[in-house]
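Here's a quick tour for anyone meeting this structure for the first time.

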Amino acid sequence: MSINWFRYASPATFYPLAGKLVPLFAGGAVILAAIGLYIGLVVAPTDFQQGDAYRIIFLHVPAAWMSMFLYVVMAGWSALALGLNTRLSAMMAQAIAPTGALMTLIALASGAFWGRPTWGTYWAWDARMTSELILLFLYLGVIALRNAIDDPRRADRACGVLALTGVVNIPIIYFSVQWWNTLHQGGTVSFTKAPSMESIMLAGMLIMSFAAWFYAIAAVLARARTIIVERERGAAWIAALPEVRNINA
Amino acid sequence: MSAFFAMNGYGFYVWSAYGLAAVAIVVEVLLLRSQRRAVLAQARSTVSAPAPGPLAATE
């Protein structure tokens, strides 16, 4: 049996599919966040070195992971859009940028509120923190570049090139704690060795990471739907949508 | 309960971090909702009064 992989590359077929997925992922995010927050803020024991300040980890690490993952996904869609000239890929890249910026902002802000009680400062020009700040500027740059170009197809190409160029920053963020011995600690969870934290803490962090994934997927799909309606509004299938024909829908 | 919110003296930092994240997420959700409304209204006005597009000359 052959599957038509390009079926959902068409905005007209993707739009209703995304509409079904948004509430599923949003609901999943709420449930996972409720469980993760309960474990992180109530069940997990107080850290013997950092006291309760360490509980910021359940927010900080998932947000920081998402900020990097989302950038790689955005760059991947951009590469597809540049290589295959597919509209929907460019729209997906466009839809990811604001949520990526949000995750980066949460990672930076929660890091500042964690750094103050544990390191004695909200901010330092440490390698990890500086490269994460550059990530925020990359997201904001992609958003600003799009707003500066009126023709959406030209904006797709310009933003795609910028997004792809910025990918070089991702390994810099990831390996910064190994390459430069500055303030930020190394990773708590590693692919190659056993995690250096208690299993209930790890469980809380992983559940919060899944919550962040679900939230990001819901937000990106919802934004992609808005972008599709905006950019395809001349199309007959948009005019035929119940939410367009009916004011109250 | 107050011990929970005090977080053994780290309450300000923990709740500031979580509070800021919650505000940021609420803002994003509200923006998504208002943008969707605006875009749907825009699509409706396009339907009721089609703008002269590339096809207008041939129609």
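## Starting with one arginine

Which helix of chain A does Arg225(A) lie in? It's helix 7, the run of residues 199-231. Keep in mind as we go that this is a predicted model.

Is Arg225(A) buried or exposed? A residue needs 20 or more other C-beta atoms within 10 Å to count as buried, and Arg225(A) has 25 of them, so it is buried. If you skip its neighbours within four places in sequence, Arg225(A) is in contact with Tyr15(A), Ala18(A) and Gly19(A).

## A helix with a kink

Next up is helix 3 of chain A, which covers residues 87-119. Its 33 residues, at 1.5 Å each, should span 48 Å, and the C-alpha atoms at its ends are 46 Å apart, so the two figures agree. Along the way there's a kink of about 30° at Ala97(A), shortly before the proline Pro98(A).

Why can we call helix 3 of chain A largely enclosed by the rest of the structure? Because 26 of its 33 residues are buried. Just past the end of this helix, Gly120(A) takes a positive phi of about 90°.

## The nonpolar core

The largest nonpolar core has 79 residues, and the members that touch the most others in it are Ile56(A) and Ala17(B). Helix 7 of chain A gives the most, with 18 residues.

Which residues does Ala17(B) touch, leaving aside its neighbours within four places in sequence? Ala17(B) is in contact with Ile56(A), Leu59(A), Ala109(A), Ser110(A), Phe113(A) and Trp114(A).

## Where the chains meet

How many residues does each chain bring to the contact? Chain A brings 29 residues and chain B brings 23. On the chain B side, 14 of the residues touching chain A are nonpolar, six are polar and three are charged.

As for chain B itself, its secondary structure is two helices and zero strands. It has 59 residues, and 17% of them count as buried.

With 12 C-beta neighbours inside 10 Å, Asn85(A) counts as exposed.

In chain B, look at Asn8(B), in the loop between helix 1 (2-6) and helix 2. Its phi is positive too, near 50°. Asn8(B) has 11 other C-beta atoms within 10 Å, so it is exposed.

## How confident is the prediction?

The model scores ipTM 0.88 and pTM 0.90. Chain B averages a pLDDT of 84, with 81% of its residues scoring at least 70.

Methods. Residues are numbered from 1 along each chain as its sequence is written. Chains are lettered from A and ligands numbered from 1 in the order in which they are written. This is a predicted model: local features need pLDDT of at least 70, side-chain atom pairs count only at pLDDT 80 or more; totals for chains, interfaces and linings use all residues. Two residues are in contact if their C-beta atoms, placed from the backbone, lie within 7 Å. Ala, Val, Leu, Ile, Met, Phe, Trp, Tyr, Cys and Pro count as nonpolar, Asp, Glu, Lys and Arg as charged, and the others, Gly among them, as polar. Helices (H or I, at least four residues) and strands (E, at least two) are DSSP runs, numbered from the N terminus. The expected span of a helix is 1.5 Å times one less than its number of residues. The bend at a residue is the angle between axes fitted to the seven residues ending there and the seven starting there. A nonpolar core is a set of buried Ala, Val, Leu, Ile, Met, Phe, Trp, Tyr and Cys residues joined through C-beta atoms within 7 Å. pLDDT is the predictor's confidence in each residue, from 0 to 100.
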